[in-house]
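This report describes selected features of a protein assembly. The sequence and the structure are shown first, and the description follows.

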Amino acid sequence: MSLALTEVGYRYAGATATALEGVSLRVEPGQVIGVVGPNDAGKSTLCLVSAGLAPGSIGGRLEGSVLLDGTETRELKPYEAAQRCGILFQNPATQQSGTASTVFEEIAFGPRNLGLALAEVVERVEEALAVLGISGLIARDPHRLSGGEAQLVALASVIAMRPGALVLDEPTSQLDPAGTRLVGDAIAHLATTLGTAILIVEHKTSLLARLAQEVVVLDAGRIVARGAAATVLDAPDLAAHGVRAPEAVSIRRALELSGLGDRVAAADLEVLGA
Amino acid sequence: MALASAAIAFAVREWSGPLAILALVVATASIARLGRPLLKFALATIPLVASILLVNTFLFPGATDVLVRIGPFAATGTGLIAAFQATLRVVAFALSVAVFSLTTPTDDLLSDLERRGLGRRAIFIIGSAIGTIPRMVERAAEIIDAQRARGLDTEGSPSRRARGLVPLAGPMISGALSEVEERSMALEARGFSAPARRTTLRLLPDSPTQRAARWLIVLATIVLVAASLTGLVRLP
Amino acid sequence: MGGQFSTRVITLIPVAIAINIVLGYTVQTVLKLPIYLDSIGTILVGVLAGPLAGALTGALSNIIWQYTPGIGGGAIGAFWVVAAVIGLLAGIWGRLGVYRSRPASGTQLLLAAIVAAGLVILLVLPIVNNKTYLDPSVGGFPDWAVPAAITIAVIAAVVVAGFTYLRRDLAGLWVAAAGVITGLIAAAVSAPISAYVFGGVTGSGTDLIVAALRQGGSDVLSASLGQGFFSDPIDKTITSFVVFIILTGLSPRIVARFPNGDRLVRAEAIA
């Protein structure tokens, strides 16, 4: 399933300034596209628009076309959009229903809301856990999980809705390095195994260097650069848009500046993900 | 059943109603070995009971059968009786609810209510509120401790205690409210507003006897309350 | 699924209920102040989402409080009607735009601030003037009942007037008025419950006032009413102001998404 935005503009309810303007982008099944940009660039807005929550749940004015598997989001109710495109936020705690005593119940929350037969609910929960490799958490108390585990449970809850596309708004920003790695691996796995179309907003450009095929730079509501991940993340004017280049790139530049560039083998830098 | 007994405790005036309920409650509690937790609930009613006893005994308006005089205050017999009745009512009520809350796991209660059609929004509100309270109490305790370290007075004069209120309420409220928007979007992403009938996860065992007993209790409650309120039947 | 009970409102209500219970318990038990402060959540929901949502929040708060192990007990649950009424009124005030900012300056503002403070102080006068209150009360409590009442009233008046003036916002006056009216109605509704069920006392700090009134010869109902007519308006006025402060602290963007949003935010306020 694909996610396609064409000439999308968006303005929040009652606001005079536009949050997004002329945004066009397309994510194919199995593809991971990264989004970077300074604060207030409209990255979170882009996520809400792509998932159909804007204008569906928060109002506002949408221009252009947002197609989820061929259907316009403005024609979808929030619960219908949720089954086509899932969304994950940065805070693992606020994404828990708060009413489940086990991870199983937590993940079952979504399918149950759809009124599916009990057998199918169980099947979806087990499948979501298996895809993310966290079947061992099934009986744990959701309130006692580590940040990374909780975020994965939140991801499983969203996947249980069987969306073809997924939007992630800085999913690792509140996690420690271990949690970040967990979530990063899970995302890569989703794209390759389930063929989910993934749009991920991140400040950790090193993570994007590893996961994304393409990267888009958003600034003041517009796309100012796009292309293959390696190219975009290596661009010299990245910092001008308030984005920090991946460590590997910074290291390489520092080495070049100090004249040691040719001493370090290209292969070594590849290991770093440059 | 507990709800019925609570209603009876209140509506039936004079002595017999509350006394009977109290006996029932204590009996149930001992069967279920609930002694200690029940005691905690009972202790919570002490300030109320003390107030009731004192104010009613000494200050019952219009009573003249004086028992004892302490300074300008006169304890009256009528007052004492009224005090005891009120106390019994309150204690019976509080303990009935206590037994109910101690014997019924929240999860099961909510699950069953939902199955009977209460609606996912109501269930969510109740379940979420009950779950949020302990977490907020913890947060409040943390804030109080942090403020105490900075000099907040919880024992001093009223005005000092009042001043300590803002540093407590502020962070607690803003912290809780800031999450509401994201929480509601997460709920939408999990299909919360879908129109379908929510799938039931667990089924509580029920039997014809239990069902019959329930109907009987409801009927009895209605009859007793009506009889007492309309004065048809005079109970001691 | 929309109207007064949209998903957003459904998410807000449990948080409001928890705020009611935790704050109310802390104020009454830990800080031991003679006010309730257990309606902040109720009024907040009423103002943001409407009368029905507010009433539900109030009613559920009392019922759940009664039922919670550890801090439950007493007889809070019986007063669910009062809490529901408070929520209902808050919804009406919200719809009427009472909580909308009304910038002003100069004499108009000064006048509003003074009237607002006056309203609050006015409520203390009957207490202070009535000799009955000045007699030492029952139960071994020291004589801090009256000074405490005056302190609270003065603090409330200063907050109300200061807020109205410093924020250059006429809404302060309307919020104060709404709080006083809500308090009076709440007192009127809770007095009969209190009088019948408990013989006029509720186990909180306000009982001293009831005791004092009784001594003066009032009957149970009037004593409850008398106590209520002091504590409730003060408490509800303070609470209404707290809610107003909270509202002004919230991003207008977010407030606009609630059912009463358009009555609470001025159009130009949103960036």
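This is a predicted model: local features need pLDDT of at least 70, side-chain atom pairs count only at pLDDT 80 or more; totals for chains, interfaces and linings use all residues.

In what order do the six strands of the open sheet with mixed pairing in chain A lie? The order is β6-β7-β8-β3-β9-β10.

## The six-stranded sheet of chain A

The sheet that runs β6-β7-β8-β3-β9-β10 in chain A is open, and its strands pair in a mixed manner. Its edges are formed by β6 and β10 (222-228) of chain A, each of which pairs on one side only. From one strand to the next, the twist averages 15 degrees. At the β10 end, strand β9 (residues 214-219) of chain A pairs with β10(A) in the antiparallel sense over six bridges. Within this pairing, Asp219(A) stands opposite Arg222(A) of β10(A).

Two helices of chain A pack on this sheet. Helix α1(A) touches β3 (32-36), β6, β7 (165-169), β8 (197-201) and β9 of chain A, and the direction of α1(A) makes about 155 degrees with that of β7(A). Helix α7 (residues 177-194) of chain A touches β3, β7 and β8 of chain A. The direction of α7(A) makes about 155 degrees with that of β8(A).

## The four-stranded sheet of chain A

Chain A also has an open sheet of four strands, in the order β2-β1-β4-β5, with antiparallel pairing. Strands β2 (20-27) and β5 (71-72) of chain A each have a single partner strand, so each of these edge strands has one side without a neighbour in the sheet.

The pairings can be followed across the sheet. β1(A) and β2(A) are joined in the antiparallel sense by five bridges; here Val8(A) has Val23(A) in β2(A) as its bridge partner. β1(A) and β4(A) are likewise antiparallel, over seven bridges, and Thr6(A) has its bridge partner, Ser65(A), in β4(A). Strand β4 (residues 61-68) of chain A pairs with β5(A) over two bridges, again in the antiparallel sense. In β5(A), Glu72(A) stands opposite Leu67(A).

Helix α1 (residues 43-50) of chain A lies across β1 (3-11), β2 and β4 of chain A, and runs at about 120 degrees to β1(A). Helix α1(A) is also in touch with strands of the six-stranded sheet, including β3 and β7 of chain A.

How many of the 11 residues of α4(A) are buried? The count is 11 of 11, and the helix is mostly covered. Just after α4(A), Gly115(A) adopts a positive phi of about 75 degrees.

Leaving aside neighbours within four places in sequence, the contacts of Thr102(A) are Ile138(A), Ala139(A), Arg140(A) and Pro142(A). Of these, Pro142(A) is 40 residues from Thr102(A) in sequence, while the C-alpha to C-alpha distance between the two is 5.9 Å.

## Chain B as a whole

Chain B has 11 helices and two strands. From the N terminus on, the elements run α-α-α-α-β-β-α-α-α-α-α-α-α. Of its 236 residues, 44% count as buried.

Among contacts in chain B with a separation of 6 or more, 67% involve residues 24 or more positions apart. The accessible surface of chain B comes to about 12,200 Å², and 66% of this surface belongs to carbon and sulfur atoms.

## A nonpolar patch on chain C

Which residues form the nonpolar patch on the surface of chain C? They are Leu110(C), Ile114(C), Tyr165(C) and Leu166(C), which together have about 430 Å² of accessible area. Helices α5 (106-129) and α7 (145-166) of chain C each supply at least two residues of the patch.

Leu166(C) belongs to helix α7 of chain C. Its relative accessibility is 70%, so Leu166(C) counts as exposed, the cut-off for that class being over 50%.

How values were computed:
Residues are numbered from 1 along each chain as its sequence is written. Chains are lettered from A and ligands numbered from 1 in the order in which they are written. Side-chain values use heavy atoms; hydrogens and water are left out. Two strands pair if DSSP finds at least two bridges between them. Contact means heavy atoms within 4.5 Å. Axes are lines fitted to C-alpha atoms, for helices over the stretch in contact, and angles run from 0 to 180 degrees between N-to-C directions. Patches are made of residues with over 30% relative accessible area and no salt bridge: like charges are joined within 9 Å, nonpolar side chains (Val, Leu, Ile, Met, Phe, Trp, Tyr) within 5 Å. Accessible areas come from the Shrake-Rupley method with a 1.4 Å probe; for residues, only the protein chains shown count as cover. A salt bridge is a side-chain nitrogen of Lys or Arg within 4 Å of a carboxyl oxygen of Asp or Glu. Buried means under 20% relative accessible area, exposed over 50%, partly exposed in between (1.4 Å probe, protein chains only).
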